[in-house]
Amino acid sequence: VDQGAVLGEGVKVWHFSHLMPHCVIGAACIIGQNCFVANHVVLGIGVKVQNNVSLYEGVHCEDYVFIGPSAVFTNVINPRSAIERKDQFRKTLIKRGASIGANATIICGNTIGAFALIGAGTVVTKEVPDFALVVGNPARQIGWVSEAGHRLDFDDSGKATCPETRAVYIIKDKIVVKA
């Protein structure tokens, strides 16, 4: 952990990880083994970063985000070894409660919505709505999930109930909200 990195209370950092001096890690975060957190990366409260993840400058995770093992983030659209493009870093925002599966790739400049679920191995190339379930390469939406990560089946009136929490969700014009 480089001097100047800001770590909240109760942060756990596993061995062989490197946190750069200008990153901000919220309380109760867990950074797994063999991870890299670049300057200006921001992690909210309770973020879990599994093993072998590199979070490059421009990545911002809100509270309670889960990043699965070996997930990949980019920060430049057209990288070249011989051309420095640090002034072209694009922001990637992962909103509250979203989960990113193992080996997923997140192309920079996109937002992953709150409580969205990105399947293992998925390649995200565009915005992902709140509560969306996306899979594949490129990512395609195949459904909706609750805050607890369960698939939602909407009835004819546009309502669905989480089987675990019994919370009710409403869909209207392809936007899901918790009732």
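A nonpolar core is a set of buried Ala, Val, Leu, Ile, Met, Phe, Trp, Tyr and Cys residues joined through side-chain atoms within 4.5 Å. In the predicted model described here, the largest such core has 45 residues. Within this core, the residues with the most contacts are L43, V49, L55, I67, F73, I100 and I112. The elements that contribute two or more residues to the core are β10 and β19. For L55, the residues touched, apart from those up to four places away in sequence, are F36, V37, A38, V41, L43, V49, I67 and F73.

Strand β10 also takes part in an open sheet of 6 strands, arranged in the order β1-β4-β7-β10-β13-β16 with parallel pairing. The edges of this sheet are formed by β1 (6-7) and β16 (111-112), each of which pairs on one side only. Between β7 (residues 42-43) and β10 the parallel pairing extends over 2 bridges, and V42 has H60 in β10 as its bridge partner.

The loop between β9 (54-55) and β10 contains G58. A relative accessible area of 19% places G58 in the buried class, because buried means under 20%. With neighbours within four places in sequence left aside, G58 is in contact with R90, K91 and T92. The C-alpha atoms of G58 and P21 are 15 Å apart in space, and the two residues are separated by 37 residues in sequence.

A second open sheet consists of 3 strands in the order β21-β22-β23, and its pairing is antiparallel. Here β21 and β23 are the edge strands, each pairing on one side only. From one strand to the next, the twist averages 25 degrees. The antiparallel pairing of β21 with β22 (residues 168-172) comprises 3 bridges, and T161 has V168 in β22 as its bridge partner.

Antiparallel pairing also links β19 (residues 132-135) to β20, through 4 bridges. These two strands form a hairpin with 4 residues between them. In the turn, G136 has a positive phi of about 95 degrees.

Since E147 lies in the loop between β20 (140-144) and β21 (159-161) and K178 in strand β23 (residues 175-178), the pair ties together parts that are 31 residues apart in sequence. E147 counts as partly exposed at 36% relative accessibility, and K178 also counts as partly exposed, at 43%.

Terms used: Residues numbered from 1 in each chain as written. Predicted model: local features only at pLDDT ≥ 70, side-chain atom pairs only at ≥ 80, totals over all residues. Heavy atoms only, no water. Buried < 20%, exposed > 50% of the residue type's maximum accessible area, 1.4 Å probe, protein only. Pairing = 2+ DSSP bridges. Contact = heavy atoms within 4.5 Å. Axes fitted to C-alpha atoms, helices over the stretch in contact; angles between N-to-C directions.
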